[in-house]
Amino acid sequence: MQAKVDKILTQWNSLWNSSHLYIERLKCVEIVLTGLEDCNNVLSEFELKLAAFQEMPSELDNLKAVHEQLVSLQKEVSATQPAIDQLIDDSHNCRRLVEKSRAQTHRGGAHIDLDRVDTDVTRITQRWNNICSQLVDRMRNCEAAFNLLTKFKSSYQSEVTMVDESYEKLNSVPPVQVKETIDLTKQAMEEKYRLCDDTLSQLLAWVAEVEDRLASQDVAQEDIDQLRNQINLLKLVKEELESQQRTVANCLDQVRVVVTTGGEYLSRDEVLSLEKNGKALRLRYDRANDRTDKLMRRLTAAKDELNKFKSELTTFTAWLDKARHALEDRERSLSQL
């Protein structure tokens, strides 16, 4: 009788422990699913906010307002980081508890539902990393635009001051000296135009070369080493673009000055040509910069997917070899019978 009582108590304790394990498992699964939904909503909101900052305003006050909004968004993103980390930890705990509760009934098989949850968590993590990266890019672009606008405003004010002073001096000198001063000013403006035009031509040729190099990297390679070489080449292009940023900005500032102040000394065709080439340089430089970033992100994602595919292929090949050896052993055993 005592043995039966002990057996019943043992079974009762086992049932009690199993029920608590299942309760913990349900709680953990609920926490993970709720976290996935909350994180997905928050990330969607961040993505919509970031999409509103694709183009930077050309006014200094508006640019300051955009920078303040980006700083506020950065604080919100930083405050969300613990939720993402908690979601990753909860997904690991969920897998551990579920696998533990299925130890007796699910031996050695795949947990499809857990794999799907891990896939969703990985997707959330990738979106989170993209948001953080895009936010850093927006902040960097905003600060660069702010510096350029500040520099342009200062340069423009200096040019206006110089023109005003020159005009006052021009009114105070005799007519003969006025003509000499005008000739010298025209000669200086023509020299400035020539330097701007030469620099523009060199930079446009350089941008064309960068565009050709980017076009040659548009198709992702299927070999992992070649794909890694593509990413390294794009990094070099990105560094080259960043190193030429100051040169491009200085050239565009000079073009602005010549277009603004050179109308009296240069022909209309020269001014229009210089202005047109300056706009083309800005547009093509920004487009090359943006295209480089997009290609970097796309090729990096392709490399991750290719590594994942090779890992899965290796696992599948190993399983296939094991199955083939087992089948050959089975056939050998049957033939001996």
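**The largest pocket and its surroundings**

Mentor: The lining of the largest pocket is made up of 19 nonpolar, eight polar and 20 charged residues. Please keep in mind that the model is predicted. The volume of this pocket is about 1,800 Å³. Its lining counts 47 residues, and those closest to the centre are Met56, Asn141, Ala145, Arg282 and Asp286.

At least two residues come from each of helix 1 (2-51), helix 2, helix 3, helix 5 (224-243), helix 6 and helix 7 (268-336). The greatest contribution is that of helix 3, which provides 13 residues. In terms of domains, domain 1 (1-172) and domain 2 (183-329) each give at least three residues to the pocket lining.

A search of the whole structure for cavities of 30 Å³ or more returns one. The largest cavity holds about 50 Å³ of space. Its lining consists of Phe152, Ser155, Tyr156, Glu159, Arg256, Val257, Thr260 and Thr261. Sorted by class, these are three nonpolar, three polar and two charged residues. Helix 3 (112-172) and helix 6 each provide at least two of the lining residues. Because domain 1 (1-172) and domain 2 (183-329) both contribute to this lining, the largest cavity lies between them.

Two aspartates in helices named above deserve attention. Asp253 belongs to helix 6, which covers residues 245-261. Its relative accessible area is 8%, so Asp253 is buried, the limit for that term being under 20%. Leaving aside residues up to four places away in sequence, Asp253 touches Lys151 and Phe152.

Asp90 counts as buried because its relative accessibility is 12%. With residues up to four places away in sequence again left out, Asp90 is in contact with Cys28, Ile31 and Val32.

Finally, a record may be set beside the model. An unreviewed UniProt entry places the feature "coiled-coil region" at residues 217-254 and 285-312. In the model, the stretch 285-312 is 100% helix and 0% strand, with its end C-alpha atoms 41 Å apart.

Definitions and conventions. Residues are numbered from 1 along each chain as its sequence is written. This is a predicted model: local features need pLDDT of at least 70, side-chain atom pairs count only at pLDDT 80 or more; totals for chains, interfaces and linings use all residues. Side-chain values use heavy atoms; hydrogens and water are left out. UniProt positions are given in the numbering used here, feature names are shortened, and annotations may be inferred rather than shown by experiment. Helices (H or I, at least four residues) and strands (E, at least two) are DSSP runs, numbered from the N terminus. Buried means under 20% relative accessible area, exposed over 50%, partly exposed in between (1.4 Å probe, protein chains only). Contact means heavy atoms within 4.5 Å. On a 1 Å grid over the protein atoms alone, a cavity is a set of points where a 1.4 Å probe fits but cannot get out, and a pocket is an open set with protein on both sides within 12 Å along at least five of seven lines; lining residues have an atom within 4 Å of a point. Grid points are joined across faces, edges and corners, and a volume is the space filled by probe spheres set on the points. Ala, Val, Leu, Ile, Met, Phe, Trp, Tyr, Cys and Pro count as nonpolar, Asp, Glu, Lys and Arg as charged, and the others, Gly among them, as polar. Domain bounds come from an automatic or database domain assignment.
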